[in-house]
Amino acid sequence: MSGHSKWATIKHKKGVADAKRGQKFTKLIKEISVAAKMGGPDPDSNARLRTAVLKARAENMPKDNIERAIKKGAGELGATSFYELTYEGYAPGGVAIIIDTLTDNKNRTAADVRSTLTKLGGSLGATGCVSYMFQTKGVITYDASKYTEEQIFEVALENGAEDVTTDDGVIEVTTTPADFVTVLEALQAAGFEQDSADINKIADQTVALDNEKANKVLRIVERLEDLDDVQQVSTNLELPDDFQEE
């Protein structure tokens with residue numbers, strides 16, 4: 001987990017994790033539709049859909065948008081076939097990078113991801129070249145100026161969270177993917193309003209870079225997240241303590 005909180009905090013500050021609002025909604029709608037298509041339209045019996053809906057609610061997506069996405073996935077509003085594709089590679093400085101996508105056009109997505117990476121000094125690798133370095137975790141963050149770590153800790157640990165940490169004004173709760181929904185719902189029921197809630201790939205070990213190279217990696221992450229087909233970008237970057245955004 002080393003370095004993750006720092007990376008999450010920088011993402012929180014820069015807004016790298018939050019694409020433009022409309023774009024964020026588009027990606028969440030796609031995720032909901034795919035989950036509904038694969039496991040049915042009932043969130044109570046479809047864990048993946050329940051998770052996707054919770055993430056959408058955490059971003060304040062309107063209820064109507066969520067319901068339309070579920071109906072579309074269930075085939076009630078006309079269906080589109082999406083494919084889940086994951087790309088692995090390297091960013092400048094040897095940083096490992098994983099790009100998770102949902103697409104209706106595999107060739108377009110592959111070309112866009114490859115072009116974005118190579119133009120900015122990165123490269124695609126073979127499947128499995130970096131994924132072994134990451135674990136999948138639920139990550140929920142809170143503003144430490146609103147709540148104390150002790151308040152969050154008590155509810156989170158009682159409901160199955162793995163850890164609660166605070167770094168640079170952000171309280172971060174980590175869970176297994178299976179416990180993500182339970183922990184998030186328990187914290188919401190207790191009155192805690194999260195800043196973000198997602199299931200992320202977290203690096204076991206991080207790579208520390210100087211300011212210049214770290215900014216190059218962040219540019220790649222931002223450009224990749226701007227692609228419509230990209231759902232999530234994960235790296236093992238550790239930002240220097242004196243990091244300055246360029």
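Tutor: An open sheet of four strands, with antiparallel pairing, has the order 3-1-2-9. The model that shows it is predicted.

Student: What makes strand 3 and strand 9 the edges of this sheet?

Tutor: Strand 3 (123-124) and strand 9 (230-235) each have a single partner strand, so one side of each is left without a neighbour in the sheet.

Student: How do you know that strand 1 and strand 2 are paired?

Tutor: Pairing requires at least two bridges between the strands. Strand 1 (residues 83-91) and strand 2 (residues 95-103) are joined by nine bridges and run antiparallel, so they meet that requirement. Within this pair, Gly89 stands opposite Ile97 in strand 2.

Student: Which helix packs on this sheet, and which strands are touched?

Tutor: Helix 5 (residues 106-119) packs there, touching strand 1, strand 2, strand 3 and strand 9. The direction of helix 5 makes about 155 degrees with that of strand 2.

Student: Why is helix 5 described as roughly antiparallel to helix 8?

Tutor: Helix 5 and helix 8 (residues 211-226) pack at an angle of about 160 degrees, with their axes 10 Å apart. Angles over 145 degrees count as roughly antiparallel, and helix 5 is therefore roughly antiparallel to helix 8. Their crossing is right-handed.

Student: Which residues make the contact between helix 5 and helix 8, and how do they divide by class?

Tutor: Helix 5 contributes Val113, Thr116 and Leu117, while helix 8 contributes Ile220, Arg223 and Leu224. By class, four of these residues are nonpolar, one is polar and one is charged.

Student: What is the strand order of the other open sheet of four strands, and what makes strand 5 and strand 7 its edges?

Tutor: The order is 5-6-4-7, with antiparallel pairing. Strand 5 (163-167) and strand 7 (196-203) have a single partner strand each, so one side of each lacks a neighbour in the sheet. On average, neighbouring strands of this sheet are turned by 30 degrees against each other, direction ignored.

Student: How do you know that strand 4 and strand 6 are paired?

Tutor: Six bridges link strand 4 (residues 134-143) and strand 6 (residues 170-175) in the antiparallel sense, whereas at least two are required, so the two strands count as paired. The bridge partner of Tyr142 in strand 6 is Ile171. Helix 6 (residues 149-158) packs on the sheet, touching strand 4, strand 5 and strand 6, and its direction makes about 160 degrees with that of strand 5.

Student: What is the predictor's confidence in the model?

Tutor: The mean pLDDT of the protein is 86, and 89% of its residues reach 70 or more. Over residues 1-10, however, pLDDT stays under 50.

Methods. Residues are numbered from 1 along each chain as its sequence is written. This is a predicted model: local features need pLDDT of at least 70, side-chain atom pairs count only at pLDDT 80 or more; totals for chains, interfaces and linings use all residues. Side-chain values use heavy atoms; hydrogens and water are left out. Helices (H or I, at least four residues) and strands (E, at least two) are DSSP runs, numbered from the N terminus. Axes are lines fitted to C-alpha atoms, for helices over the stretch in contact, and angles run from 0 to 180 degrees between N-to-C directions. Contact means heavy atoms within 4.5 Å. pLDDT is the predictor's confidence in each residue, from 0 to 100. Angles under 35 degrees count as roughly parallel, over 145 as roughly antiparallel, 65 to 115 as roughly perpendicular and the rest as oblique. A crossing is left-handed if the near helix is turned anticlockwise from the far one by less than a right angle, and right-handed if clockwise. Ala, Val, Leu, Ile, Met, Phe, Trp, Tyr, Cys and Pro count as nonpolar, Asp, Glu, Lys and Arg as charged, and the others, Gly among them, as polar.
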